Structure formats: structure tokens, C-alpha cells
Amino acid sequence: MLDRILLLAFALTLGFGPWSSATAQTSVRLNLDAVPLVEAVDIVRSETGYDIVYAQRLVEGKTASCQYAGTSRRAVLDCVLSGTGLRAERVRRGQYVLIRGERGPSAGRDDVQRVTLSGRVVDETSGETLPGAHVYLTALRVGTTTNSAGFFAISSLPAGPYNVRISYLGYDTVDTTLVAGPDPARISLLPSTIETEGVTVQEAADKEPENRRLPGMMALSLEQLEQLPSLGEPDLFKALQWTPGIRKSGAVSGGLSVRGADPDQNLYLLDGAPVYHPWHAFSLISTFQTGTLKSTNLYRGAFPAEHGGRLASVLDAQMKDGNRTEPEAVAAISALSARYRIESPVTRTTSFMISGRRSYVDKLVGREHPVRDTDTGRLDTLRTGYYFYDLSAKVTSRFNDRHRLSVSHYRGRDNLDLRLPFDLSLDFSQWLRPADLFFEVAQSWENRMTSVRHQWLVFDDAFLTTTLFESRYKASEASFVQPTTTATLESDYDVKLRDLGAKLDLDYYASVAHQIRAGVQVSNLDFRSTLESDIRRSARAVDVQADSSDQSSWEVTGYLQDIWQPSPRWTLQPGVRATYFSRGDYFHVRPRVSARYTVHPRYLVLRGGLGMHVQYLHRIRDRYSLAYDLVSSRWVPSSERVSPATGAQVSFSGRSQPTRWLTLELSTYARSAEKTLIPADVFVTKDGLEGPGIEVGALLGQYIEADERAFGAELTALAEIGQFDARLGLASGRTYVQGLNRDDASWRAADLDVPYSLRAALSWTGNRWEASVATEARSGYPLTTPVARYRLGDPVDTDPTTYLYRPQINNGRLPTYLRLDATVGYRFSFLSAQWKAKLNLYNATNRANIVDRQFSPTDTGVRVDDRRGLPILPLLELEMTL
């Protein structure tokens with residue numbers, strides 16, 4: 001139903017909106033005699049509704065005489081300007097700029113030279129380009145944003161100088177005058193001197209650029225993200241959770257859930273290449289280090305036509321090009337890992353950035369532990385090894401003002417190696433001992449990404465970006481389990497995914513009112529899995545399983561969108577995206593449209609957006625076998641057996657700055673999704689040794705198609721008073737799911753349904769010291785609670801079967817989750833380096849939050865087992881910058 005409403009709204013937006021209808025023709029009568037030109041222009045504005053822009057020096061001392069009666073609004077303007085030495089040139093519909101020169105009787109729109117105002121916006125200290133910077137012509141009240149290369153252009157302007165305001169999140173705003181020339185202008189911005197503790201990302205006096213962003217998009221200030229409260233070290237995904245409606249799917253670990261959607265409905269892009277598993281440490285921290293990124297944009301629901309392939313959100317991150325002015329080195333150590341980053345120019349036109357990170361717990365604890373039984377003298381070697389690492393690198397060369405080439409590479413890996421007794425207990429002293437019954441696990445998962453990007457300024461008003469990328473995800477699990485003296489399980493399971501693609505994106509700056517963006521992408525996806533397992537129940541009973549799965553598909557995508565500014569108050573972004581997926585022979589065309597209306601630049605800016613999306617990949621896992629637990633979670637492409645998931649979302653928001661220090665934003669949304677996959681039996685537990693295998697059909701048999709619907713409201717408040725910053729985020733929403741092909745197809749709360757959540761923070765920043773306190777409170781996740789207990793068996797049976805009756809899924813809820821974090825930081829200089837020491841107190845009140853609850857029947861009742869969250873954790877970080 002929602003998708004039909006969106007199609008109708010899309011047609012109405014393009015065809016019957018207030019901006020598409022002609023202004024009613026009314027009679028105008030003027031009788032002016034030697035009236036000051038300023039007053040005469042104001043009269044014309046009032047009578048015609050025209051927006052007339054001029055430089056004050058052009059009209060000073062001039063008078064106008066005009067006698068006119070008629071219905072032509074343009075004729076009224078020409079009459080007033082007759083004999084003044086000025087004429088009006090049309091900028092866009094209903095807007096004119098006054099320039100020198102008389103307008104002849106046969107003059108047309110193109111009788112004056114038209115120019116393109118273009119340039120690049122860069123960081124003055126490092127030379128990094130700044131994608132997403134706002135460029136605003138203050139007199140014309142028209143603007144644009146820089147693309148991924150930091151380039152902007154505003155076309156079809158009458159020749160002359162223009163006052164321009166350039167701003168970027170976390171940087172000081174620059175007001176300057178630009179004149180169109182043969183080469184793009186270069187505008188440098190200085191990072192803002194105001195440092196905040198993760199709650200306010202921009203000075204209160206400079207909120208207008210935020211008001212000009214489109215719906216669904218959230219730009220992030222990376223310099224200030226590094227100071228957000230985090231679990232031991234700066235982390236992009238931890239910072240994203242300060243946005244209402246975004247949270248982890250688990251209390252600590254787990255993927256990101258955006259407005260109640262499953263984590264697999266998010267797309268993560270790094271320099272234009274997808275990253276399929278952006279997590280380390282069992283989803284405790286992300287692979288995205290804020291120090292390696294120069295820009296990050298998050299699109300929720302109403303993302304533009306250039307992005308697609310997921311239903312909930314798109315995260316588009318760009319790696320740093322490397323400092324172009326001087327070498328820079330950063331080294332840091334935290335409770336989780338040690339990291340470094342080096343940036344430097346190589347030549348006048350080439351720079352590089354390289355960064356590495358590795359955990360070190362395995363170095364402190366050791367990976368191998370020789371043990372000895374004091375009674376028997378038996379020797380053994382147990383293993384407790386785990387580590388993760390990242391390596392990021394980028395080389396950028398700027399051949400001239402029109403050509404730029406960059407090569408990016410990322411590789412990250414987690415490795416787990418365990419050999420422990422089979423009967424583990426909470427008494428850790430009993431772990432490191434020889435044992436007849438034990439288990440061994442060797443697990444690893446890794447991402448590799450390479451991106452080559454060429455950016456070419458073809459003409460002054462046309463910019464072409466070519467991207468070639470390869471993204472790989474690999475996970476493996478080898479295990480050996482000996483639960484009894486005669487039974488063993490040995491398995492080796494591998495999952496591989498490769499995405500090889502090419503993209504062309506064209507930005508055409510057609511005029512002041514229109515910026516066209518079009519592109520095409522071709523990708524080849526390859527999915528491979530293998531499983532080899534031996535299950536030995538006794539010396540003679542051995543089951544051997546050898547399965548493999550190999551699937552591939554081509555995906556071809558094309559899109560077209562227009563950033564249209566029909567008037568100073570309105571900005572619209574209609575677009576359409578078409579995709580073809582070869583496996584299953586699927587073809588979809590989906591519209592998108594976003595709109596922004598400025599009631600007042602400061603007091604009220606309204607935004608709305610609607611979009612329809614398609615997702616061809618599902619992430620599922622085997623729910624039965626212990627032989628493949630970790631890597632059994634894998635991506636499965638749509639085919640004849642499994643349909644792609646489709647979705648639609650509509651959102652509306654209003655933003656206001658009632659005072660210079662306070663910013664408020666209220667957002668509402670509604671979304672729906674069809675043909676997502678949910679477990680067919682949610683009560684299945686992984687307690688078997690052998691499952692149905694890894695063939696896709698066997699895995700899909702454990703799932704059913706489902707529909708989803710969600711709605712909610714989000715409130716954000718930002719306040720800056722002197723050295724204090726505060727942030728409040730409130731979210732209220734519901735997410736429901738309906739399983740299809742079931743006897744009971746009623747709507748129920750989804751697993752990630754959170755009716756209420758609150759995040760608040762208060763921070764203080766001094767010359768050297770900084771401190772913050774932050775809290776999170778939310779509803780507990782849904783829980784299936786038994787309503788009765790039954791025992792079945794013969795009256796003389798000494799061991800009847802006891803089970804729990806749970807007729808309704810997610811009929812209960814975990815207790816409210818509440819946590820308080822605190823941070824203290826100190827900056828100082830030592831040995832010609834800048835240092836920063838930071839202490840994070842995670843769960844400062846040591847509250848034992850319940851993050852999971854299990855029910856099991858007993859002879860006398862029901863036993864409830866609660867799993868608690870992490871206790872108080874003091875985490876120290878030390879960073880050095882050269």
C-alpha cells in the first residue's frame with residue numbers, strides 16, 4: 001500500500017506542485033515619475049512577485065519613470081529600468097539580477113554573456129579536498145554542494161563578481177567574492193577552533209548550511225566524532241548511535257539497526273566500494289577508523305537515486321588523500337588496540353596516507369599455554385589466541401586542475417584460535433588444565449577492498465567520475481570437538497564473496513536552477529561456500545559430509561536525478577533508479593524525490609522525502625548445526641527460489657534555531673518492506689552436530705518471507721553555551737513484522753522493536769582539560785515469554801517430557817536498559833609532539849543491565865537465566881601527533 005501511495009505522490013510532486021503551475025495573469029498599472037530606482041524596484045517586486053537582486057552601487061542615485069498598464073510582468077520590469085543604464089537578466093524562474101547595459105527591443109535571454117562559476121574547496125592546513133561543502137551565492141540565494149572531489153559549479157550566470165559564502169561541517173565559514181575564470185577557483189577553509197566533546201558539530205552562528213541539506217542525509221564532522229564517548233577508541237559506528245533511531249542490534253556487539261531495520265539492510269561504502277562485514281571483535285567495534293576518513297555521509301530511508309541496493313540506509317565514507325602540505329604522523333594506544341597513521345606529500349601533485357591498527361591482547365596474555373596435571377603429570381598445550389588488524393592506504397595524484405587519480409586499499413582481518421576443555425565453567429582457574437574432553441576452534445573473517453577512481457573536469461559545467469573496485473569478504477571456521485571419549489566432530493567451513501564492478505558518474509551543472517547527476521554501474525557478484533565435516537559417533541559409526549555452493553550474478557544499475565532549485569525557498573531532488581539482476585532475471589524501476597522548503601533560514605526549514613528501494617541480497621545463517629556456527633551467516637543472492645526484498649519509506653522533518661545557541665529538529669517517518677526473510681521457527685536452538693548442509697535451498701528452507709512496517713518520530717536538541725555543549729536525542733517508534741505462509745500471520749513486534757529511547761550528553765572543553773558525561777536509556781528488546789508449562793508422559797513414566805507453551809512470539813520485553821558513561825581528557829606538549837590522554841568510563845555506575853533472558857522448564861517450575869551486560873570498564877587512550 002505504501003509503495004502505491006509513494007508512486008502517486010511522486011507524480012503529483014512533478015506534475016502538480018505549486019512550483020509547476022504558472023502564476024495567474026493579473027493586470028498591472030504603474031505611473032512613476034522620477035521615483036528613486038530602489039523604491040521603483042520594490043514596487044515591481046510587490047506587483048509582479050519577482051525576486052530582483054542587485055548590487056547597491058548600481059542603483060544608488062538613479063531614478064525611474066514609467067507609465068504602464070497591462071498583464072506582462074517582464075514588460076513592467078523593462079519599463080522601470082528603461083533609461084537607467086541597467087537591464088534585468090533572468091537567473092531562474094521568477095528571479096532576475098540587475099546588470100549594466102540597456103535592453104534592446106529584440107533582446108532575448110542569451111544576449112548577455114553567460115558564465116560558469118566553479119572551484120574546489122580544500123582544507124587549508126592539509127590540502128585535503130572537502131566533499132559536501134556548501135557554496136552559497138548570498139545575493140541570488142542559490143547554492144550547491146561540492147562533489148566527492150571537492151568541486152562545485154553554478155552555471156548560466158550573467159558575467160560579473162558574486163559574493164559567495166563557503167561552509168563545511170567543523171570548519172570556519174568563509175565569505176569571499178568570486179569571478180568566473182578559465183580555471184576553477186581554489187577556496188581554503190580552516191578547521192574550527194571550537195572543540196566539543198561529541199555533542200555539537202558546528203558553531204551556533206553557522207547552522208544555515210545544515211538547513212540547506214536534503215532530507216535523509218546526515219553529514220558528520222569527523223574531527224569531532226573522534227571526541228565522542230566511545231568504547232576505548234574513536235569509532236564511527238559508535239558515534240552514529242548518537243543519532244536518534246540508530247542503535248546496535250545488541251547491547252554491546254551486533255550490527256547497526258536504523259529505525260528498527262535489520263543490520264543487513266544497510267549499505268557501507270568506502271571510496272565507492274561496498275564493504276560487506278565492517279566489524280571487528282565480534283561486532284564490538286567497526287572497521288571504519290575516523291582518523292583515516294575525510295568525509296562521511298549517512299542517508300536514512302530517503303537516499304538519492306545514485307545510491308541503492310539496501311532498504312534502510314547508506315553510509316558513504318571517503319578516505320583521506322594524505323596531507324599535501326607537510327608530513328604528519330599520529331600514533332595511539334588504547335585498551336583495545338594500537339594504531340598509527342602517516343600522511344605526507346610525495347611531490348607537488350602527489351600525496352599518500354597509510355594507516356594501521358592491531359589489537360594486542362594476544363601479545364599480553366599469550367596464545368599458547370603449556371599446562372600440567374599435578375596428579376598424573378600429564379602435559380598439554382591449550383590456546384587462547386585472538387587478534388584483529390586493519391591496514392588502510394591511499395595514493396592521490398593531481399595531474400592538473402582537471403584530472404585527479406586516486407588508488408585506495410583496505411584490508412582487515414580477525415583471527416580466533418582456541419583449544420580449551422569441553423566442560424568450561426566460570427571458574428577460570430579450571431580452564432588451563434589437561435582434559436580428555438576438549439574443543440578446538442580456528443575462526444577468521446576478513447575484508448579486502450581496492451578502489452581506483454579517476455575524476456575529470458570535462459567542461460566547466462561537466463564533471464565525470466570513473467570508479468573501478470573490487471571488494472572481497474572471506475570467513476572460515478575449522479573446529480574439532482570431543483564431547484565424549486569416543487565421539488568427535490571435525491569440520492572445515494569456508495564462505496567467500498567477491499564484488500567486482502565499475503561505475504561512471506556524471507555531474508552536469510546545467511544552470512543555476514538545475515544540477516543533473518546521472519550514472520551507470522555494472523557489478524559481478526560471486527558467492528562460494530564449502531563444507532567438509534566428519535562426525536564420529538563411535539569407532540565404526542562415521543558420517544562424512546562434503547558440500548559446496550557456487551553462485552554468481554550480474555547487476556546493472558542506471559540512475560538519473562536532478563537537484564532543482566525553482567526558487568530561493570524551494571529545493572527539490574527528483575530521481576529514478578533502474579536495476580537489472582541477472583540471477584532470477586529481475587528488473588526494477590524505482591522513483592525517489594526529496595524536497596526542502598525554507599520558511600525562514602533560521603527559524604524554520606521543512607524537509608520531506610519519499611523513496612522506493614530494492615535489495616537483491618539476503619543475509620541468512622544455518623540455525624541447527626554446531627559444525628558451522630560463525631561463518632554460517634552469509635549473503636545469498638535473489639534467484640528463482642528467493643525474491644528480492646522491496647521497500648518504501650516516507651519522511652518529514654522540521655528544523656529550527658529559536659536562539660543562537662539552541663537548534664531543534666523533529667523528524668517523522670513511515671516505512672514498509674516486503675519479502676524480507678525471517679526464521680520459520682524462532683525456537684530452534686543450535687544443539688545438533690549435523691545440519692541440513694550449506695546448499696542454499698536447505699538454508700532457505702529454514703526461513704519464510706515476511707512483511708515489515710515501521711513508523712516513528714525523532715527529536716534532536718543541540719545547545720552550545722560558552723564552553724559547555726549539550727545534546728539530547730529522543731526517539732519513539734514501532735517496528736512490526738508479519739510472517740507469510742503461516743497459520744498465524746498476525747503482526748507482531750519485530751526483534752529490534754524499541755518503542756522509546758533517549759540519549760543525552762553534556763560536555764565541557766577548556767584550554768587543556770575536557771570532560772563529558774553521557775547516558776543512554778531505552779526500552780528493552782522484545783522477548784518471547786512462556787505462558788504455561790506442560791508435562792507429558794505415561795502415569796507410570798518416571799521421566800515425563802516437560803515443555804513450555806509459548807503461543808505468541810515477542811509477547812514480552814526485557815527490562816529497561818540504562819547506562820551512564822563518563823570521559824576525561826587532557827592535552828599537553830612533550831618532546832616536540834602534541835599528546836592527548838583520555839580516560840573513558842564505560843558503565844560508570846556499574847549497572848548490571850539484562851541483555852538476554854532464557855527460560856527452561858524444571859520439575860517444579862520454570863528457571864529464568866539472565867545474561868548481564870558489561871560492568872564498569874575504565875579504558876585509557878593515549879595519542880601522539882607529530
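Let's start with a hairpin: strand 31 and strand 32 form one, with five residues between them. This is a predicted model, so a heads-up: local features need pLDDT of at least 70, side-chain atom pairs count only at pLDDT 80 or more, and totals for chains, interfaces and linings use all residues. Residues are numbered from 1 along each chain as its sequence is written, and side-chain values use heavy atoms, with hydrogens and water left out.

When I say strand, I mean a DSSP run of E with at least two residues, numbered from the N terminus. And two strands pair if DSSP finds at least two bridges between them.

Strand 31 covers 514-536, and strand 32 covers 542-564. They pair in the antiparallel sense over 23 bridges. If you want one spot to look at, find Arg517: its bridge partner in strand 32 is Gln561.

Now keep going along the chain. Strand 32 and strand 33 also form a hairpin, again with five residues between them. These two run antiparallel and are joined by eight bridges. Here, Val556 stands opposite Tyr580 in strand 33.

Those two residues turn up again on the surface. Val556 and Tyr580 are among the residues of a nonpolar patch, along with Leu504, Val520, Val522, Trp554, Leu560, Val576, Phe587 and Val589, and together they have about 830 Å² of accessible area. What counts as a patch? Its residues have over 30% relative accessible area and no salt bridge; like charges are joined within 9 Å, and nonpolar side chains (Val, Leu, Ile, Met, Phe, Trp, Tyr) within 5 Å. The areas come from the Shrake-Rupley method with a 1.4 Å probe, and for residues only the protein chains shown count as cover.

Which strand gives the most to the nonpolar patch? That's strand 32, with three residues. Strand 31, strand 33 (570-581) and strand 34 (586-600) are also among the elements giving two or more. Leu504, meanwhile, sits in strand 30.

Glu490, Asp492, Glu532 and Asp534 make up a negative one; Asp and Glu count as negative, Lys and Arg as positive, and His and the chain ends are not counted. The place of a charge is NZ of Lys, CZ of Arg, CG of Asp or CD of Glu. Strand 30 (488-508) and strand 31 each give two or more residues to this patch, and Glu490 is in strand 30.

On to salt bridges, meaning a side-chain nitrogen of Lys or Arg within 4 Å of a carboxyl oxygen of Asp or Glu. The count comes to 40. Take Asp321 and Lys294, whose closest N and O atoms are 3.0 Å apart. Asp321 lies in the loop between strand 21 (313-319) and strand 22 (328-333), and Lys294 in strand 20 (residues 293-300), so this pair ties together parts 27 residues apart in sequence.

Strand 7 (residues 134-137) and strand 8 are joined by four bridges, and His134 stands opposite Thr145 in strand 8.

The other sheet has three strands, in the order 9-6-12, and its pairing is mixed. Strand 6 (residues 114-123) and strand 9 pair in the antiparallel sense over six bridges. Look for Ser118 there: its bridge partner in strand 9 is Ala153.
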